[in-house]
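Good morning, and thank you for coming. Please look at the structure on the screen while I go through several of its parts in turn.

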Amino acid sequence: MRITEVHVYAKDLPIVGGPYTMSHSLLHAIDTTVVKMVSDTGLVGWGEVAPIGPVYQPQHGLGARAAIAEMAPGLIGESALAPLLFRRRMDGLLNSHSYAKSALDIAYLDMLGKHHGVRVAELLGGVAQERLPGYYAIGLVSPDEAAAIAAEKVAMGYPRIQLKAGGRDVSIDIEAVRKTWERIGTSAQLIVDANRGMTASEALRLCLACADIPFTLEQPCNTMEEVASLRNKIPHPLALDENTEGLADVIRAIVMGACDSFGFKISRFGGPTGMTAVRDLCAARSMPHNVEDMWGGDIVSAAILHVAATVEPRLMEGVWTSGNYIEEHFDPENGIAVDAGHFTLPSGPGLGITPLEDRIGTLTASYA
Ligand code: 0XW
Ligand code: MG
């Protein structure tokens, strides 16, 4: 089986109930890129990548489509049966740009799974669990609102709650953490995620003021070194997210002892195929982690679940998808939705979803 066509679509995903707020971003809509890959046997594979605005990381929607334009002509005619060789072929066509490669990798795996009649998770090594724990991310809202939303989501069944922090007076973050703790206690795991928005001094103030509260502090500062400087000053476990921009960064973080867990976005590793090395490295060092991506519709959400399903359950901290913020599914029948704070792995071959062509956006380029 070989690749004969690659089609690229762009779509604006308005944020339902937005804006979505983090320490450095306030977003009303997200620019997603959908890839449709076609084989000489008539199979179709779907891929997607949706950077969460142009500031969150060195990625943006136009960049994804430009990177795909650079690679796609060189991918036509390539075997559709060898994901690792496909990844190397992409690397031979364009340096870095893992996020754009992720959309192509997802489409490739969707098509390959359909060819073999198996799910993507089975291509990635096998399904360890069909039902996956989710987590809910609460934006930069008032302390009272944060506590109320947390209580509501815990009551719905979410086992983990993430509070956004940073980019505002740290005293507000301290109050939000305290009020949320008072509301939910140990009924759910609590993460405080500053998305690189704090100085080490601010993070220290937060942790000392909340030393009695067992939350995980996620990506408080901009660099791994700043985060690592907190290691022996705070009682809280540390997680790295944005600093893990590739397998080498994960190795460096583990060797440095910079964190106790990770937040992994599949597009930062070039997609599910690249994520398997990160998953297995973490298993070798018993490093818990979540599986997510920046944003995206059913295609990204399904890819996230197929990776998460292969992670050792003892290390699988949680899954996040942006489904709560998207007004319509690409696949109205099998779209990915959270249920009582958990996700169920799709049962169909490949990704297990079938996007409707009138929902995937505007065709921007075709390669054949
Ligand atoms: C909560 N998220 C998964 C959603 C946004 O992509 C940011 C991210 C995070 O944890 O940083
Ligand atoms: Mg994070």
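This is a predicted model: local features need pLDDT of at least 70, side-chain atom pairs count only at pLDDT 80 or more; totals for chains, interfaces and linings use all residues.

The side chains of D31 and R65 are joined by a polar contact of 2.8 Å. Is D31 buried, partly exposed or exposed? Its relative accessibility is 23%, so D31 counts as partly exposed; a residue must fall under 20% to be called buried. Leaving out residues up to four places away in sequence, D31 touches K11, D12, V49, A50, P51, G61, L62 and R65. By contrast, P73, which is 42 residues from D31 in sequence, is 23 Å from D31 in space, C-alpha to C-alpha.

Let us turn to Q57. This residue is placed in the loop between strand 5 (44-49) and helix 1 (61-75). Q57 counts as buried because its relative accessibility is 6%. Which residues are in contact with Q57, apart from its neighbours within four places in sequence? They are E242, E245 and R268. With R268 there is also a polar contact between the two side chains, at 2.7 Å.

Next, the metal site. The magnesium ion, ligand 2, is coordinated by D193 (OD), E218 (OE) and D241 (OD), at 1.9 to 2.3 Å. Along the sequence, these donor residues follow the spacing D-x24-E-x22-D. D193 is in strand 9 (residues 189-193), while D241 is in the loop between strand 11 (238-240) and helix 9 (247-256), so this pair ties together parts that are 48 residues apart in sequence. Are D193 and D241 buried or exposed? D193 has a relative accessibility of 1% and therefore counts as buried. D241, also with a relative accessible area of 1%, is buried.

D193 leads us to the other ligand. Ligand 1 has 18 residues around it, and those that come nearest are K164, D193, N195, E292 and M294. In the case of N195, a side-chain N or O atom is 2.6 Å from an oxygen atom of ligand 1. For Q162, a polar side-chain atom lies 3.3 Å from an oxygen atom of this ligand. For Y135, the distance from an N or O atom of the side chain to an oxygen atom of ligand 1 is 3.4 Å. How much of ligand 1 does the protein bury? Taken alone, the ligand exposes 290 Å², and the protein buries 100% of that.

I shall now consider helix 11, residues 298-308. This helix is mostly covered, with eleven of its eleven residues buried. Among them are D298, S301 and H306, as well as I299, V300, I304 and L305.

Finally, the chain as a whole. Its secondary structure consists of eleven helices and 16 strands. For 368 residues, a compact globule would have a radius of gyration near 21 Å, and the 20 Å of this chain agrees with that. Along the principal axes, the C-alpha atoms fill a box of roughly 60 × 40 × 35 Å. Of the 368 residues, 58% count as buried. The chain exposes about 13,300 Å², of which carbon and sulfur atoms supply 52%. Considering contacts with a separation of 6 or more, 73% are between residues 24 or more positions apart.

Conventions: Residues are numbered from 1 along each chain as its sequence is written. Chains are lettered from A and ligands numbered from 1 in the order in which they are written. Side-chain values use heavy atoms; hydrogens and water are left out. Helices (H or I, at least four residues) and strands (E, at least two) are DSSP runs, numbered from the N terminus. Buried means under 20% relative accessible area, exposed over 50%, partly exposed in between (1.4 Å probe, protein chains only). A polar contact is a pair of N or O atoms within 3.5 Å; within protein, one must be able to donate a hydrogen and the other to accept it, and residues adjacent in sequence count only if both atoms are side-chain atoms. Contact means heavy atoms within 4.5 Å. Donors are N, O and S atoms within 2.8 Å of the metal (3.2 Å for Na, K and Ca); water is not among the atoms, so sites may look incomplete. A residue is near a molecule or strand if one of its heavy atoms lies within 4 Å of it. Accessible areas come from the Shrake-Rupley method with a 1.4 Å probe; for residues, only the protein chains shown count as cover. The radius of gyration is taken over C-alpha atoms; the globule rule is 2.2 Å times the number of residues to the power 0.38.
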